[in-house]
Amino acid sequence: KRNPASFDYAYFLQKQGIHAEFFCHDKDVEKLGSDEGNPVIAAGLRCRRWISEQITRGLGDNETEAIAIIKAMALGQRTDTPDYLTDKFRFSGTLHVFAVSGLHVGIVAAIAWFAMSALAGLLGMHRNVAVLSVILAVIAYAIITGLRPSAFRAAVMAVIFFGGMLFGREPRVFNSTAAAAMIILLCDTNQLFRPGFQLSFCVLISILTLANPIGKYLDRPLRPDPFIPKSLISPGKRAFNSVSCKITGLMAMSIAAWAGSSLLTWYLFGLITPVSVIANLILIPIAFLILG
């Protein structure tokens with residue numbers, strides 16, 4: 001109430017049906033049982049612990065920041081992350097890179113799709129093998145990262161998008177987005193009032209709507225004359241055009257994502273981060289390499 005622009009944590013908890021919190025010391029906690037929860041979630045958590053050990057092997061105790069960043073970017077583990085480190089990503093508008101989000105699920109789906117499509121082509125397997133592999137990879141990653149709401153939303157979206165291919169349907173991104181939103185809201189209607197849900201779908205719709213026209217506008221001055229035959233364009237010029245097209249496409253996606261999220265982040269958190277347009281150009285490829 002004293003700071004209207006800040007995030008209302010009490011209201012956020014109330015929307016999830018939580019009306020009170022209590023805290024206790026570690027010495028007051030008594031373990032009543034084990035191996036009594038969901039076996040799939042338990043297997044995912046065991047796998048998560050094992051992966052966490054492997055991806056930080058060889059790093060010393062004095063490299064706490066590096067360990068925290070790797071665990072957060074790959075697995076969404078932020079319990080050991082210092083607050084000042086989280087704030088750096090938050091205030092630069094790149095927290096979605098630091099914590100598991102729809103971006104990470106999309107990267108996992110892309111890596112699995114390209115890898116399995118190439119393998120299926122080499123071995124002469126049906127495309128459905130690659131599609132099923134992507135769906136299983138996305139579901140497994142969502143479970144391993146603790147079924148966080150952002151990962152769950154992206155996993156539902158990916159399963160719907162790729163699942164249509166199993167029935168011979170050409171994927172339609174807007175249709176898949178609407179279907180994912182409907183399924184998520186059927187499971188929990190309170191999702192509609194949560195910042196994560198609002199930001200996820202606003203950013204996604206903004207990217208789908210604006211990224212292509214912005215990319216064409218940015219790439220127009222760098223494109224070769226369309227009346228020049230391709231055979232007359234030097235290999236160096238073709239390589240430059242290919243690289244510039246990818247850079248402008250990434251920049252267009254970053255601008256579109258910022259446009260779709262800026263008003264909501266200002267309204268919900270009192271924060272606007274124009275620097276995220278540039279920061280994402282650097283961090284998203286790094287996140288892709290780390291997850292790869």
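The paragraphs below take the aromatic pairs, then a methionine, then a lysine.

This is a predicted model, in which local features need pLDDT of at least 70 and side-chain atom pairs count only at pLDDT 80 or more, while totals for chains, interfaces and linings use all residues. Residues are numbered from 1 along each chain as its sequence is written, and side-chain values use heavy atoms, with hydrogens and water left out.

A pair of aromatic rings is described by the distance of the centres and the angle of the planes. Here, rings of Phe, Tyr and Trp (its six-membered ring) pair if their centres lie within 6.5 Å; planes under 30 degrees apart count as stacked, over 60 as edge-to-face and the rest as tilted. The structure contains three such aromatic pairs. One of them joins F161 and F162, whose ring centres are 5.3 Å apart with 85° between the planes, an edge-to-face arrangement.

F161 is partly exposed because its relative accessibility is 22%, whereas F162, at 10%, is buried. Another pair is made by F197 and F201, and this one is tilted because the planes meet at 45°, with the centres 4.7 Å apart.

Both F197 and F201 belong to helix α10 (residues 195-219), where they are four residues apart, about one turn of the helix. Helices (H or I, at least four residues) and strands (E, at least two) are DSSP runs, numbered from the N terminus. F197 has a relative accessible area of 6% and so is buried; F201 is also buried, at 11%. Returning to F161 and F162, these two form one aromatic cluster together with W113.

Next comes M251, which is part of helix α11 (residues 235-269). With a relative accessibility of 26%, M251 is partly exposed. What does M251 touch, leaving aside its neighbours within four places in sequence? The answer is L218 and L281, where contact means heavy atoms within 4.5 Å. V159 is 92 residues from M251 along the chain, and the C-alpha atoms of the two are separated by 27 Å.

K71 counts as buried because its relative accessibility is 18%. Apart from neighbours within four places in sequence, K71 is in contact with S52, T56, G76, Q77 and D80.

Technical notes:
Buried < 20%, exposed > 50% of the residue type's maximum accessible area, 1.4 Å probe, protein only.
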